Amino acid sequence: MDFFPSILTGYIETHSTAEDPVLAALNRETHLKHNLPQMVSGHQQGLLLELLSHMLQPQQILEIGTFTGYSAICLAKGLAKGGKLHTIDINNELEDITAKYYGLAGVSDRIVQYFGAAVDIIPAISGNFELVFIDADKQNYARYYDLIIDRVPVGGFILADNVLWSGRVAEAKHDKDTEALHAFNEKVQADPRVTNLLLSVRDGIMLMRKN
Ligand SMILES: C[S@@+](CC[C@H](N)C(=O)[O-])C[C@H]1O[C@@H](n2cnc3c(N)ncnc32)[C@H](O)[C@@H]1O
């Protein structure tokens, strides 16, 4: 999906590190075999996730919404030695493609994959998360935030994807996902526990640092 003028997208891509061939193959297979392939993070956003993860070098990352594993691979690349990425998806039909590409990317030993509803699985994972990526069902974003906020240490980061929802949040559209994402953005904005910046990358990423 194009969220930005294509002339600028092209310029950005030619002045950013080229897509890892394994991720390019995963992106292609996602587009060939899955409904809603636009859910995949893709090159630009994936590189941002990879660089942020490298900056933080976390011991433990939580991802809510694996899909075909693109963002999981990007995030896992920046883990500290011995670190783990815990990633959750409700759709267990994704297991073959995620396992295949974790192997090809050489990150299988750093990723713990869960299938089920994130609200049930998050409380069952122990420890803190220095980095959290929220990218699942939009109507539960606020719930996910409440579940993880006390488990992110001071200086840890939370990212939430699709917070612009193709601009619908700013246009105050009345559908459940738009209203939920707008309520989430307002909740974060009013929360003194985080310093937040809504990045205009792709479909909008809320970047939050725990104070
Ligand atoms: C936007 S996609 C994730 C994209 C992925 N992070 C990436 O960048 O490639 C959202 C995923 O959330 C999953 N999902 C939806 N509701 C969920 C829930 N209640 N618990 C866990 N995962 C859920 C969907 O099955 C879907 O694969």
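Tutor: Two strands are taken to pair if DSSP finds at least two bridges between them, while helices (H or I, at least four residues) and strands (E, at least two) are DSSP runs numbered from the N terminus. This is a predicted model, in which local features need pLDDT of at least 70 and side-chain atom pairs count only at pLDDT 80 or more, whereas totals for chains, interfaces and linings use all residues. Residues are numbered from 1 along each chain as its sequence is written.

Student: Which residue of β2 is the bridge partner of Leu62?

Tutor: Strand β1 covers residues 60-64 and strand β2 covers residues 84-89, and the two pair in the parallel sense over five bridges. The bridge partner of Leu62 in β2 is His86.

Student: Which strands stand at the edges of the sheet, and why is one side of each left without a neighbour?

Tutor: The sheet is open, with seven strands in the order β3-β2-β1-β4-β5-β7-β6 and mixed pairing. Each edge strand has a single partner strand, so one side of it has no neighbour in the sheet, and these strands are β3 (111-115) and β6 (194-199).

Student: Which residues of α8 make the contact with α7?

Tutor: Residues are in contact if their C-beta atoms, placed from the backbone, lie within 7 Å. From α7 the contact involves Tyr141, Ala142 and Tyr145, and from α8 it involves Ala180, Leu181, Ala183, Phe184 and Lys187.

Student: Why does Val201 count as partly exposed?

Tutor: Val201 is found in the loop between β6 and β7, and, leaving aside neighbours within four places in sequence, Val201 is in contact with Gln44, Gln45 and Leu48. A residue is buried if 20 or more other C-beta atoms, placed from the backbone, lie within 10 Å of its own, exposed if 12 or fewer do, and partly exposed in between. Because Val201 has 16 C-beta neighbours inside 10 Å, its class is partly exposed.

Conventions:
Two residues are in contact if their C-beta atoms, placed from the backbone, lie within 7 Å.
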